[in-house]
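Here's a quick briefing for anyone meeting this structure for the first time. Have a look at the sequence and the model, then read on for the charged pairs and the overall picture.

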Amino acid sequence: MTIDVPRSVLAALWVDALRDPGARTSVSDALAAIIGEDEPHTVDGGGSLAELLLRAGGGQVVAALPSPGQPFALGGPAGELAMEVGEALVVSGSQLGPPSGATGSFVAVPIVTEFGSALEPGAMVTWQVFAGTAGPPAVDSLGEARAGLAEALNVAIEALSRMDVARWREEAAEEISMLASSVVPPALEIRLPPDQDPRRTDLLARAARLTAIVELARTDDGAAVNAWQADQRSAALRHVAAAARRALTAASASAPRPG
């Protein structure tokens, strides 16, 4: 089971790390972490991902992770594409403009084109940028997100117990036993900025684990159930997934440092 976070979340975290004058990191570190195993990312309309990250550093940054049926502040083409893709990097009040010299808010949506096979997967990513969008979506505090995640954890455990996931997916037993863990998987840890606020890292790890378990549970209903039970389980998993998205969004939010 893959435990990871969306590209927009990684981008938001690295934007904040890059604007820290005492950070032990560089733009090349950020690019390597965000791109991972992808082909080199491109930016629609010109420029580079490095320039996009530096431009974002001039404003408030957050990763928006919308889902059908969930309230979403962004409208227009940017909001529609973000809803379709499921994520976006939202930057508000940036004082650092693109090559044209314009300043202000913008949204960057990563459009992913996958290729290859299950054994050798690949992905090409283009960040489509929309300028002059509305302000950032509402974001929970780290404390609020942690409380929401704790409640969602109880819902997830109950739903997974009813589905008996560990029985019909033996390979999932260990992951389910680690559901409440804040231990960061090595594959994710190497993609996070160094010296990050431990509260952020804790929230990211827990939310990423919940997201992965939800995806696993959605692949099968487990033991035979009736339609009502299936609907109840589906609703529980949607609730858990929404709490995980809110937690990832909260962990990704940051603003320029004073001075």
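A salt bridge here is a side-chain nitrogen of Lys or Arg within 4 Å of a carboxyl oxygen of Asp or Glu. What you're looking at is a predicted model, where local features need pLDDT of at least 70, side-chain atom pairs count only at pLDDT 80 or more, and totals for chains, interfaces and linings use all residues. Residues are numbered from 1 along each chain as its sequence is written, and side-chain values use heavy atoms, leaving out hydrogens and water.

**Salt bridges**

- Side chains of opposite charge can pair when their charged atoms come close.
- Searching the whole structure turns up nine salt bridges.
- D38 pairs up with R7, with 2.9 Å between the closest N and O atoms. This one links distant parts of the chain: D38 sits in the loop between helix 2 (27–35) and strand 1 (42–43), while R7 belongs to helix 1 (residues 7–18), 31 residues apart.
- R206 and D202 make another salt bridge, again with the closest N and O atoms 2.9 Å apart. Both are in helix 9 (residues 198–218), four residues apart, or about one turn of the helix.
- There's a network too: D16, R19 and R200 are joined by salt bridges that share partners.

**Buried or exposed**

- The cut-offs for relative accessible area are under 20% for buried, over 50% for exposed and in between for partly exposed (1.4 Å probe, protein chains only).
- D38 and R7 are both buried, and so are both R206 and D202.
- D197 counts as partly exposed because its relative accessible area is 28%, whereas R199 counts as exposed because its value is 55%.
- Of the 259 residues in the chain, 45% are buried.

**The chain as a whole**

- The chain has ten helices and five strands; these are DSSP runs numbered from the N terminus (helices are H or I, at least four residues; strands are E, at least two).
- Among contacts (heavy atoms within 4.5 Å) with a separation of 6 or more, 70% are between residues 24 or more positions apart.

**Confidence**

- The predictor's confidence in each residue is its pLDDT, from 0 to 100. The chain averages 82, and 78% of the residues score at least 70.
- Confidence is highest in helix 1, at a mean of 96, and lowest in helix 6 (residues 165–168), at 56.
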